[in-house]
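Please look through this model with me, point by point. Keep the sequence and the 3D view side by side as you read.

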Amino acid sequence: LKVLSHDKEARKAVDMCDVISLLVNHFPYTDASATKSVMRSILSLHQPEPDSDGEEDDTDETIIFPSFDSDVSFPLNCNTHADRGVLQAIAYAGATAGDPDMVLMAWDLADQAGYSPSAEMYESIVTAFASSHKQDHNAFAALCEMEEAEIP
């Protein structure tokens, strides 16, 4: 996946359904290293490609699969993003393991998919920060943000 996420030609051949399935099949997400590796790959596959001059496009538009041709279509039962339940399960596993990076990556994937953070995701990030060494200030910041957010 790491090679695919950086190789323009290989990216065109990526079936995101398979990559998302790979993430889903890591349940119960106890192997944090493997789960984070798949999430890193998904995040990089969703990143815009650099322009020909090596600079990334600075537009504010959400660009999904910019390397794919416009005629690429996905099967109707295929999701190009992990669903909210999977991301909440990953966030919970990261919180249980005391791994804020894993929770933050799940948060990034949720943001990328257009999901607003759920109460469970806020709870997971607070737990992960609170159980990590010298991360109390981040836990309190997440609590403050949770109070201000409109949680569905």
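**Notes on the model**

1. Start with one serine. S44 counts as buried, at 18% relative accessibility. Buried means under 20% relative accessible area, exposed means over 50%, and partly exposed is in between (1.4 Å probe, protein chains only). S44 is found in helix 4. The S44 side chain reaches the backbone oxygen of S41 at 3.0 Å. A polar contact is a pair of N or O atoms within 3.5 Å; within protein, one must be able to donate a hydrogen and the other to accept it, and residues adjacent in sequence count only if both atoms are side-chain atoms.

2. A word on the source. This is a predicted model, where local features need pLDDT of at least 70, side-chain atom pairs count only at pLDDT 80 or more, and totals for chains, interfaces and linings use all residues. Residues are numbered from 1 along each chain as its sequence is written, and side-chain values use heavy atoms, with hydrogens and water left out.

3. Now the overall build. The protein has 8 helices and 0 strands. Its pattern along the sequence is α-α-α-α-α-α-α-α. Helices (H or I, at least four residues) and strands (E, at least two) are DSSP runs, numbered from the N terminus. Of the 152 residues, 38% count as buried. Take the contacts between residues at least 6 apart in sequence: 62% of them join residues at least 24 apart. Contact means heavy atoms within 4.5 Å.

4. How do helix 6 and helix 7 pack? Helix 6 (residues 100-113) and helix 7 (residues 119-131) meet at an angle of about 155°, and their axes are 9 Å apart. Helix 6 is therefore roughly antiparallel to helix 7. Angles over 145 degrees count as roughly antiparallel, under 35 as roughly parallel, 65 to 115 as roughly perpendicular and the rest as oblique. Axes are lines fitted to C-alpha atoms, for helices over the stretch in contact, and angles run from 0 to 180 degrees between N-to-C directions.

5. Stay with this pair. Helix 6 passes helix 7 in a left-handed crossing. A crossing is left-handed if the near helix is turned anticlockwise from the far one by less than a right angle, and right-handed if clockwise. Helix 6 brings P100, V103, L104, A106, W107 and A110 to the contact, and helix 7 brings M121, Y122, S124, I125, A128 and F129. These residues divide into 11 nonpolar, 1 polar and no charged. Here Ala, Val, Leu, Ile, Met, Phe, Trp, Tyr, Cys and Pro count as nonpolar, Asp, Glu, Lys and Arg as charged, and the others, Gly among them, as polar.

6. Helix 7 has another partner. Helix 5 (residues 84-97) packs with helix 7 at about 20°, with axes 8 Å apart. So helix 5 is roughly parallel to helix 7. Their crossing is left-handed. L87, Q88, A91, Y92, G94 and A95 of helix 5 meet E120, M121, S124, T127, A128 and S131 of helix 7. By class, this contact has 6 nonpolar, 5 polar and 1 charged residues.

7. Check the backbone too. Most residues other than glycine have a negative phi, and most peptide bonds are trans. The bond from F27 to P28 is cis, with omega near 15°. P28 sits in the loop between helix 3 (16-24) and helix 4 (32-45).

8. Two residues have positive phi. Y29 is not a glycine, yet its phi is near 65°. Y29 lies in the loop between helix 3 and helix 4, and is buried at 3%. K134, also not a glycine, has a phi of about 60°. K134 lies in the loop between helix 7 and helix 8 (136-148), and counts as exposed at 66%.
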